[in-house]
Amino acid sequence: MRNTSLIVGTVVVIAAVAAIFALREPALLKAEASSQVAAAAGNGDWLIGGHDAGQTYSSPLKQINAGNVGQLGFAWNYDLDTKHGQSSTPVVVDGVMYLSAPWGFVHALDARSGKKLWSFDPKVNDAITSKVCCGITNRGLSFHKGRIFVASLDGRLIALDAKTGQKAWEVDTIIDHERGYTVTGSTYIAGDLVVIGNSGAELDARGYVTAYDTQSGEQRWRFFTVPKSTTGPFENPELEMAAKTWDPNSFWEVGLGGTVWDGMAYDPQLDLVYIGVGNSALYPRELRSPSGGDNLFVSSILALHAGTGRLAWHYQTTPGDQWDYTATQKMILADLEIGGRQRQVLMQAPKNGFFYVLDRATGELLSAEPYVPVTWASHVDKKTGRPVETGQGNYSGKPVLIFPSPAGGHNWHPMAFNPQTRLVYIPALEMGAVWWMPKEPYKYQKGGINIGALYSFPIDGAIDWGLDAEASAKMPTVAELAKGQPDPTIRGYLRAWDPVANKVAWQVETSDQWAGKMNAIWNGGGVMTTAGDLVFQGRSTGYLYAYRASTGEQLAAINLGVSIMAAPMTYELDGEQYVALLAGFGGALGGTHPEGTAAYRYGNAGKLIVLRLGGGAVPLPAEIQHAKKFATPPAPRHGSPETITRGTDLFKRHCQHCHNNSAATGTVPDLRRINAQTYGEFEDIVLGGIRASRGMGSFKGLLTPQDVEAIRASIINDAWQAYDSEQGATGSDAHAPPPPDSNATGDRK
Ligand code: CA
C-alpha cells in the first residue's frame, strides 16, 4: 500500500449510511423536474460537486447569512495526508460526507464530527504521473442510489458502496494506455448513468466521454469528440459531419485532443447531458489541419441525449482554436428572463474570454459578451454565432501578445449562480500570453507533450523566451508587444456577472500582492453562493472570504492556514448549517509556493475544514522556519551555451508546467534548489523513475540521456543566476559558463 505521506513530490511535464440509501435516491436529480434545474435539494444535503444537476454551486440554506457570517468559526477538520492540490467539493448525504482527493482517493466521514467511516485507495500505478499535465488532482465524486462514483488518475471508473466503501464495480475507461490519457475530472450523474471524460489534449489523447449504467457498470454509450480520419470508420455518426471540418491531411497521429476534462451538467427534464470539449493538439492550425476548418468538436459545448449518447446540438465557442481555449469550464443551467421571455439557459465562461448564454434545449446563442479583455476576436456575431477574429491571434509569424492567455479568462475553478441575485460569480483572470513558433520543426512524440507552439506569460513584466540573456535581449519587450493592447499586468478578480444585462455588477480584485506575478494566476479559487446573500471564495493566502452576494461587500475573512483552490460547499444537519471546503495548493501552475501563501507559511498539508457559527478561530499549523533562499548550487555551471539553450527548450517542453522554478517552496520542487544528492540522481529520477511514487514518473522514451544532461545544465545555470542575483553578484564571471567547445556533459563525472 502506498504511504500517502510520501506523496509530496514532483509531478511531471509542461502548462478531486445506512439502509436508507436504498430508499433515498437523490430523487432530486431526476424529480427536480421543474424547468428550474437549478432548484435545490430542499434539504440540507449537497449531492454532487455543483450541488445540483444544474451545477449552480448554490445552496438554499440561509442560517449562515450576511448578518452573522462574521461569527463563522471552526467546527472540525480532517487531515488528508497529502501535499498535492485539492480541487474537489465534498458531497454530504444523510449525515455522511464523501470527498475525493488526489489519485482518486475517497474518504467518508461523519458530517457531524469528522470521524472517519472509511476510505478508499484506488492504488494507482505511479508510472501514470509522466502523463499528467497539471497535477495529480481530482475534481470530484458523485453520489447516486447508495453508491459513490469516482475516477482514478489512471482512468478507471469505480463504484463504491456508500455505506462500506467496498467496490461494487470498476471499469477501465481508457481506450489506449500507450497514449497520454489520464482522468482528473469529476464523475457526473445523468439519470441512471454515470458519465466520465478524460484529460491529455496536450499529449496525444483523442477525446471522448463514456456513459455507464450506475447499477451494473455496463457501458451504455461512448461519444468521440474528434474524428480519427476524414474517411472513417466513424465510431459515432456525428463524426462524419465533424470530419468535413478537418483537412484530410490533418495530423491524425497525434490524436487531436478535444478531451472532456472538467465541466458537464444534466437537465433531467430534457434528458440532455452537456459536455464541455477541450482544445486540440497540435495548437497551430497550420500544423494540425493545414487547410484550416473549424475542426469540430474542438472547443465546443455539446448536448447529448442521455438515453442514446447521440448529439442533440453543438455550439463551438472557438472554431479552429489555436490558443488552448478549452470549453471545458463548468456549465450552469438556470432559467433567465431574456427579452421578455423565460428561457432555459446554459451558461459558460470558457477560456476564450466570452461569457456564453445558450438556449439549452436548442443550442441557440442568446448572448456572448467578453467578461475579461479579449483580443483574438472583436465580438461574437449573433447571426452566425461565430467569433469575428481580429488577426491579433495569429502567431505564425512573429511573437504576439494575445488575450486571454492559455490559462483562460476562467479556468477549472467553479463559478456559481445565485437564483436570488440572478448573478454569476466568476473567478476571472485578466491575463494575456506571448505566443510564437518554435524554430525546430515539430516532431510527434508518443505519450509526450505535442503542442507544437510556444508561449510565455508576462511575469514580472518579462517574457521567458527560453534563450540565454544575450539572445533574449534581442527579442521584443513586453512593453513593445503590449503597444495598443490591454494592460499586460496579470490580475485576478471575483467578478459578479449579470448574464442578462451582460455586464459586471460588482467585482473584487483577488490578486493580493501578486498582481503581475505568477501566483496571481491561481490566487482566486472556486466559488459557492447561498440564499443567505453570501458568496464564498478562498485564496492561496489561506483566507476564506465571504462577500454580500448582492453588493460584493466583504463580510468575513477567515484564516484557514492552508492555501485554497477548491470551491466550498454548505450543508445542514440537526438544524445547524456548516460550510466545508478542501484546502491544499497544486494543479497546473499551483505547484510552487511563493512567500505570502499559506503553503509557504505553513506547508501544504491538505485538509478538509468545516466551519460553523460561533466556532472560534481555526487552529493553524505550525509556521515553517525557512532557510536562506538559495544555497550554493550543487555543481559549477557546465555545458556549452548551446547545450544550456537546448536544455532550456527541453525544460519548457517537458518540465515547466509542473516545475515552474519561480518560487521558494512547492509541492513540485523548484529544481534550482536541487541538492548534491538529487543532482547526482538526476538521470535515475528523470529516466529511471525512482521517484514515481512521489509523482515524478519516468520520461524514458521521451528524453535521451543527452537531453537529460542538457536539462541538468540549464537548471544549474538557472540556479547560479538566482544565487548570484540574491548575492548581489551580478556581473561576476566567477561562475561563467565554459567555452562553447567544452564537453556538454561537463564536470558531472
Ligand atoms: Ca489544454
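**A sheet, looked at closely**

Modeller: Happy to! Strand S5 (residues 105-110) and S6 run antiparallel and are joined by four bridges; strands are DSSP runs of E, at least two residues, numbered from the N terminus. Within that pairing, His107 faces Ser119 of S6. A caution before we go on: this is a predicted model, where local features need pLDDT of at least 70, side-chain atom pairs count only at pLDDT 80 or more, and totals for chains, interfaces and linings use all residues. Residues are numbered from 1 along each chain as its sequence is written, and side-chain values use heavy atoms, with hydrogens and water left out.

Stepping back, S5 and S6 belong to an open sheet of four strands, ordered S3-S4-S5-S6, with antiparallel pairing (two strands pair if DSSP finds at least two bridges between them). Its edges are strand S3 (91-93) and strand S6 (116-120), each pairing on one side only. From one strand to the next, the twist averages 15°, taken between lines fitted to C-alpha atoms, with angles from 0 to 180 degrees between N-to-C directions.

Strand S12 (residues 193-196) runs antiparallel to strand S13 (residues 208-213), and four bridges join them. In this pair, Val194 stands opposite Tyr212 of S13.
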